[in-house]
Amino acid sequence: MTGEVAVLGAGMHPWGKWGRGFVEYGVAAARAALADAGLEWREIGSIVGADTVRGGYPGYVAGATFARALGWQGARVTSVYAACASGAQAVATARAQILAGLADVVLVVGADAAPKGFFRPAGGDRPDDPDWLRFRALGATNPTYFGLYARRRMAVHGDTAEDFAQVKVKNSAMGALNPYARYRKRVTAEEVAASAVVADPLRLLDICATSDGGAALVLSSMEFARGRGVAEPVRIRAVSTVTPTYPNTVLDLPDIATDSAAAVEPAAETFRASIAHAAYEEAGVGPDDLSLAEVYDLSTALELQWYEDLGLCGEGEGAKLLREGATAPDGRIPVNMSGGLASFGEAVPAQAIAQVCELTRQLRGEAGERQVEHARVGITANQGLFGHGSAVIAVR
Amino acid sequence: MVAGWFAGEGDDFTLLGTRCSGCASVFFPREDSHCRNPGCGGGDLAEIPLSRRGRVWSYTDSRYRPPSPYVSDPELPWEPYTLIAVELAAERIVVLGQAIPGVTVADLTVGAEVEVVPGVLHEDGETVWTTWQWRPTGVTA
């Protein structure tokens, strides 16, 4: 047990395709989180920015970029990049600083301005970059990996396209209730089935879009929170940022091949499961303690995979759990009450932070029509390419 | 665009990986600088041919034109291609590759046997860019 940090403030910029720069989204989210915390920017001792590669140089040094936009005030500054896990590593950095006594109160910000269509690697001929190679040699976009996972589930576990569609139906119904979501329309299974195939067996409405967006958190020591009259804040109890263990035998973005298991037996636990396991271990809780989960539904099929990796059900039972309604808003363990990436789309450095924003609202009882009754413990789960784990456990 | 990932022609065509002399770990794409097994003290990495045949781990296709650096002619209508992830039993590795032209997802099942064959990624005025492709065994096209 390494101690807890308080979530004093959470703020977001609505997701969408707004056509503006990532700094604008990040600053809006930061100001919203500061207002939510009842703090002035000058009171913040440290700022941690989650980087976006699409913002060019300012995006690579996101912490300083946001600090400059908010007004230089001499805070400690950090910038972190971990692909889709950037936001979780930003939270982890802030938490470590607080627990180490280096800062009392830290602002965490992530924002992105995404391109239309597929994500693509940075420019230039770079055959030493696995992300460049998979596009150049195979044309393997992110959705093709999601398609491989989905087809594999169908073959091994008997999942159906109808199961996948029901994930979208569930998440879009929640997104319709979330003012920060990009897509705020309920989607039917028929609409999923009628949408174009992108990467067989997945259709357009099975796959998350790319989006602009921003999210921010104000984290502090428990002492600082109490000093501000916040006796019972939402607390972060665990942040998992683990790597895979060799050999990683599930084909992961952006790799062209898995590690070989010819010389070393793979661990019993997959990488994704180990991400959750590390978070549970650190928090001293288990799947049965959860009130809700926010998971990384890059595709509808991938959400079902997370059910299993989080231990919400046994291997191969994800679709059954969904069909039983266990992950629905009124179910035993509601998943993606925010609407998920299905409703938000990807704004890479912001999304792991946005997941924690949703947990914060839920654990405070401020989620309105999306509220999970008596929410006490929540987990987020995410995975960044190049072997970045990401899960956060928050409690009230 | 990359050297030493495959070699040979016809029935002799193979993917090339490397194997660590210290722990016998296999790497594809080839790892020439360091063994990635954390339990290995490090050994020499020697080039080895990979098994020519394997079983389909999963498959999908690309119904929309991928962005650069994938090369395709924007003047021509997009022709989807199929991607197959193939499990090689001896090496205990899964290797992704394009299927030969004409093979669609309707032709595939998880667990079916495929073999590696030389193929053309694209051609420009000066160069024919060759690659590896997976072909269901029994298909001779």
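How many of the residues of strand E10 (residues 377–384) of chain A are buried? Keep that in mind while you set up your viewer.

This is a predicted model, where local features need pLDDT of at least 70, side-chain atom pairs count only at pLDDT 80 or more, and totals for chains, interfaces and linings use all residues. Residues are numbered from 1 along each chain as its sequence is written, chains are lettered from A and ligands numbered from 1 in the order in which they are written, and side-chain values use heavy atoms, with hydrogens and water left out.

**Stop 1: a covered strand in chain A**

Select 377–384 in chain A. Eight of the eight residues of E10(A) are buried (under 20% relative accessible area with a 1.4 Å probe, protein chains only; exposed is over 50%, partly exposed in between). Strands here are DSSP runs of E with at least two residues, helices are runs of H or I with at least four, and both are numbered from the N terminus.

Strands pair if DSSP finds at least two bridges between them. Strand E9 (residues 292–295) of chain A runs parallel to E10(A), joined by four bridges; look for A:Val295, whose bridge partner is A:Ala381. Strand E11 (residues 388–395) of chain A is antiparallel to E10(A), with eight bridges, one of them pairing A:Gly384 with A:His388. In the three residues between these hairpin strands, pick out A:Phe386, which has a positive phi near 70°.

**Stop 2: a buried serine**

Next, click A:Ser343 in helix H13 (residues 340–344) of chain A. Why does A:Ser343 count as buried? Because its relative accessibility is 2%. Its side chain has a polar atom 3.2 Å from the backbone oxygen of A:Asn171. Show its contacts (heavy atoms within 4.5 Å): leaving out residues up to four places away in sequence, A:Ser343 touches A:Asn171, A:Ser172, A:Gly175, A:Ala181, A:Arg182 and A:Tyr183.

**Stop 3: helix H3**

Move to residues 62–70 of chain A, helix H3, and colour its buried residues: A:Ala62, A:Gly63, A:Thr65, A:Phe66, A:Ala67 and A:Leu70. Their cover includes helix H1 (22–37) and strand E4 (105–112) of chain A.

**Stop 4: over to chain B**

Chain B has nine strands and zero helices, and its C-alpha trace spans about 50 × 35 × 30 Å along its principal axes. Of its 141 residues, 45% count as buried.

**Stop 5: where the chains meet**

Bring chain A back. Where they touch, chain B contributes 47 residues and chain A 40 residues. The buried area (accessible area, 1.4 Å probe, lost by two parts on being put together, summed over both) is about 3,700 Å², with 64% from carbon and sulfur atoms. Select B:Trp57, B:Pro69 and B:Arg92: they supply 18% of what chain B buries against chain A, more than any other three residues.

Finish by zooming in on B:Arg92. There are two salt bridges between the chains (a side-chain nitrogen of Lys or Arg within 4 Å of a carboxyl oxygen of Asp or Glu). B:Arg92 makes one with A:Glu265, at 2.6 Å from N to O.

Notes
Polar contact = N/O pair within 3.5 Å; in protein donor to acceptor, adjacent residues only side chain to side chain.
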